[in-house]
Amino acid sequence: MKKTKEDIIDAAITLFSEKGYKESSIRSIATIVGIKPASIYNYFKSKDEILKYIFELYIDYSKSSILDIDKIELMMETEDAKTIIKRMFFEFNPDTSERYSKILKIILHEQ
């Protein structure tokens with residue numbers, strides 16, 4: 001069950017980052033996961049709830065990553081902007097950095 005929920009989230013992150021939230025559908029998420037669209041509702045009430053869950057992942061990941069405000073302030077005092085950007089992307093856990101980058105694309109796209 002947990003695997004399917006994660007598969008739904010991964011598919012939604014990919015679709016939302018590539019096509020945008022509005023252009024993505026529950027049906028297209030289900031197609032990627034290989035389940036019936038109605039099965040998604042066993043895990044999430046709506047597409048909005050999926051997006052909220054993704055944003056919660058972003059917040060949790062930001063709290064535990066290099067984006068910690070104290071670390072950023074220290075970097076701002078001691079490093080140039082180019083170095084800061086490199087550290088923000090290369091010091092992430094490799095297993096989650098691609099996912100995190102896609103979530104950032106979703107946020108930027110939806111503004």
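Start with α2. Ile26, Ser28, Ile29, Ala30 and Val33 are buried there. Buried means under 20% relative accessible area, exposed means over 50%, and partly exposed is in between, using a 1.4 Å probe and protein chains only. The helix labels come from DSSP: helices are H or I runs of at least four residues, strands are E runs of at least two, and numbering goes from the N terminus.

Before going on, a word on the model. It is predicted, so local features need pLDDT of at least 70 and side-chain atom pairs count only at pLDDT 80 or more, while totals for chains, interfaces and linings use all residues. Residues are numbered from 1 along each chain as its sequence is written, and side-chain values use heavy atoms, with hydrogens and water left out.

Back to α2. Look at alanine 30, which sits in this helix. Set aside its neighbours within four places in sequence, and alanine 30 is in contact with Ile35, Lys36, Pro37 and Ile40. Contact here means heavy atoms within 4.5 Å. Take isoleucine 40 from that list. Alanine 30 and isoleucine 40 are 10 residues apart along the chain, and their C-alpha atoms are separated by 7.0 Å. Just after α2 comes glycine 34, with a positive phi of about 85°.

Now α1. This helix has 18 residues. At 1.5 Å a residue, α1 should span 26 Å, and its end C-alpha atoms are 25 Å apart, which agrees. The expected span is 1.5 Å times one less than the number of residues. Which residues of α1 are buried? They are Ile8, Ile9, Ala11, Ala12, Ile13, Leu15, Phe16 and Ser17. After α1 comes glycine 20, whose phi is positive, near 95°.

Stay in α1 for alanine 11, which lies in that helix. Alanine 11 is buried, at a relative accessible area of 4%. Where does it reach? Leaving aside neighbours within four places in sequence, alanine 11 is in contact with Ile29, Ile32 and Val33.

Next, the core. The largest nonpolar core has 19 residues. Such a core is a set of buried Ala, Val, Leu, Ile, Met, Phe, Trp, Tyr and Cys residues joined through side-chain atoms within 4.5 Å. Ile8, Phe16, Ile29, Ile40, Ile50 and Ile54 touch the most other members. The elements giving two or more residues to this core are α1 (2-19), α2 (26-33), α4 (47-63) and α7 (94-110). α1 gives the most, with seven residues. Pick out isoleucine 54. Apart from neighbours within four places in sequence, isoleucine 54 is in contact with Ile9, Ala12, Ile13, Phe16, Ile103 and Ile106.

On to the rings. The structure holds two aromatic pairs. Phenylalanine 16 and tyrosine 21 have ring centres 5.2 Å apart and planes at 70°, so this pair is edge-to-face. The cut-offs: rings of Phe, Tyr and Trp (its six-membered ring) pair if their centres lie within 6.5 Å, and planes under 30 degrees apart count as stacked, over 60 as edge-to-face and the rest as tilted. Phenylalanine 16 and tyrosine 21 are both buried. Phenylalanine 44 and tyrosine 53 have ring centres 5.6 Å apart and planes at 70°, so that pair is edge-to-face. Phenylalanine 44 is buried, at 2% relative accessibility. Tyrosine 53 is partly exposed, at 22%.

Lysine 47 lies over its face, at 4.3 Å from the ring centre. The test is NZ of Lys or CZ of Arg within 6 Å of the ring centre and within 35 degrees of the ring normal.

One stop in α7. Serine 101 is in that helix, and is partly exposed at 26% relative accessibility. Serine 101 and serine 17 are 84 residues apart in sequence and 9.0 Å apart in space, C-alpha to C-alpha.

Last, the whole chain. How many helices and strands are there? The chain has seven helices and zero strands. Buried residues make up 31% of its 111 residues.
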